[in-house]
Amino acid sequence: MSDQEPSYAISVRVKHTHRSKYKNQRRHDLRIGLPPSYVQTDRSELNRVLVDLPMPAVITARAKELREKTNPSRAMRADAAVATIGIITFGHAAQPIFEALTTAQQDDAYLEVAQCIADEYGTTIRGLVVHVDETAHHAHVVWDCRDHEGVPMSRVMKGSRLQDIAAEVIQRHASGIERGVRKSVRIARGDKPSQIYNRSVQQLHQDLPLELEAKRQDLKQFSDRVDEMRARVEKLEAKEELNAKEAKLLATYRNRLAARLEEYTEAKAVLATKVQATDQREEALNIKERVLDKAEEQMDERETMIDHRDAELLIREKEVVRREGILDRITDEIGKLISDVADRLGVGKSLRAIRNHLTLAREELSDDGPSIG
């Protein structure tokens, strides 16, 4: 689809994310902490939580529970996916169609799209939040990262089937919204890669295409008004002589032309400021994303090191237990042998009394000694 063609499409994009990224996404979805600059905070109270988002510890525990169904031979990695998160969005032309629905109708549509996707891939919805405080309405969804048998969503929830499901569902709620053009078709007709492949959610929010386009249209209208008035002035000025009425009209047109030139200059300055602000905001977001990505990488490395250390400690602990078991068996065998010999010599009763006293003494020393950890 070219940039000039209006998009009436619904779109669903997903990614399978580990605990740290899920935590950040959850904070964004629920507007926890300082909101991004592109958020219209006076509208944030209109956001809707249709399915409450689980805490990171809860979604991680659920991921581990589902993973156990595959009888894994290794512990779960620190960077393993714990949730599948998605965003449901609409093309520019589809947005006013969807926003014309009532709030209840919109919520029903979002829920049905999310549920049909869950049914298709055998997973469960864990969270759904609707945002209306950004450039365009959209919804964030969280599903289990594995199906009911433990198969990872990263293996199955991908491809164009997501768009098929979303389009089939939305047609039941808003018939004017359709499926987007398939990537294979867009590639074949020569669309640019930047037009085809998905941008990040942050870039989608930050782009502000509607506001910039509105400012450009305003500027064009002011330019057309200036051209129209300039043409009237030039037409009168081209006459060799003007009567009193025409002279008065020319003076009026010149004043109007000056006023419209001033309006055009102001509109041009507003557009330039808007473009500059958007560029600065994009750069600030890019810097912030790089910082967050670096921090997440460091956190992941630290968690991986901790996991490796825990695994090593577990191996050592198992080895200690194994050796203690061997030692206990040897001790028992030696004890039985000594008892047999003592019984044969007729001193078994005395020997067992001595052993009981030694056992009691050892237990008392163990109870009175210092604790570890």
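The stops below cover the sheet, the salt bridges and the surface patches.

This is a predicted model, in which local features need pLDDT of at least 70 and side-chain atom pairs count only at pLDDT 80 or more, while totals for chains, interfaces and linings use all residues. Residues are numbered from 1 along each chain as its sequence is written, and side-chain values use heavy atoms, with hydrogens and water left out.

**Stop 1: the sheet**

Begin by selecting the strands; helices (H or I, at least four residues) and strands (E, at least two) are DSSP runs numbered from the N terminus. In the model, 6 strands make up an open sheet with mixed pairing, in the order 2-4-5-3-1-6. Strand 2 (48-51) and strand 6 (178-179) stand at the edges; each has a single partner strand, so one side of each lacks a neighbour in the sheet. Two strands are taken to pair if DSSP finds at least two bridges between them.

Next, select strand 3 (residues 83-90) together with strand 5: the two pair in the antiparallel sense over 6 bridges. Within this pairing, display Thr84, which stands opposite Trp143 in strand 5.

**Stop 2: a salt bridge between strands**

Side chains of opposite charge can pair when their charged atoms come close. A salt bridge is defined here as a side-chain nitrogen of Lys or Arg within 4 Å of a carboxyl oxygen of Asp or Glu. By this rule the model contains 20 salt bridges.

Select Arg126 and Asp144, which form one of them, with their closest N and O atoms 3.0 Å apart. The pair links distant parts of the chain, as Arg126 belongs to strand 4 (residues 125-131) and Asp144 to strand 5 (residues 138-144), 18 residues apart. Asp144 is buried, at 2% relative accessibility, whereas Arg126 is partly exposed, at 27%.

**Stop 3: salt bridges within helices**

Move to helix 10 (residues 209-237), where Asp224 and Lys220 are 4 residues apart and therefore separated by about one helical turn. Their salt bridge has its closest N and O atoms 3.2 Å apart. Asp224 is partly exposed at 38% relative accessibility, as is Lys220 at 48%.

Then select Arg323 and Glu319, whose side chains meet in a salt bridge (2.9 Å, N to O). These residues lie in helix 11, and a spacing of 4 residues separates them by about one helical turn. Arg323 is exposed at 55% relative accessibility, and Glu319 is partly exposed at 27%. Elsewhere, salt bridges that share partners join Arg62, Glu65, Arg126 and Asp144 into one network.

**Stop 4: surface patches**

Patches are made of residues with over 30% relative accessible area and no salt bridge; like charges are joined within 9 Å, and nonpolar side chains (Val, Leu, Ile, Met, Phe, Trp, Tyr) within 5 Å.

Select Arg19, Lys23, Arg27 and Lys64, which gather in a surface patch of positive charge. Lys and Arg count as positive and Asp and Glu as negative, with His and the chain ends not counted; the place of a charge is NZ of Lys, CZ of Arg, CG of Asp or CD of Glu. Helix 1 (residues 19-29) supplies the largest share of this patch, 3 residues. Lys23, in helix 1, is partly exposed at 47% relative accessible area.

Finally, select Ile326, Ile330, Ile334 and Ile338, a nonpolar surface patch with about 310 Å² of accessible area together. Accessible areas come from the Shrake-Rupley method with a 1.4 Å probe, and for residues only the protein chains shown count as cover. Ile330 is found in helix 11 (residues 244-345) and is partly exposed at 40% relative accessibility.

Technical notes: Buried means under 20% relative accessible area, exposed over 50%, partly exposed in between (1.4 Å probe, protein chains only).
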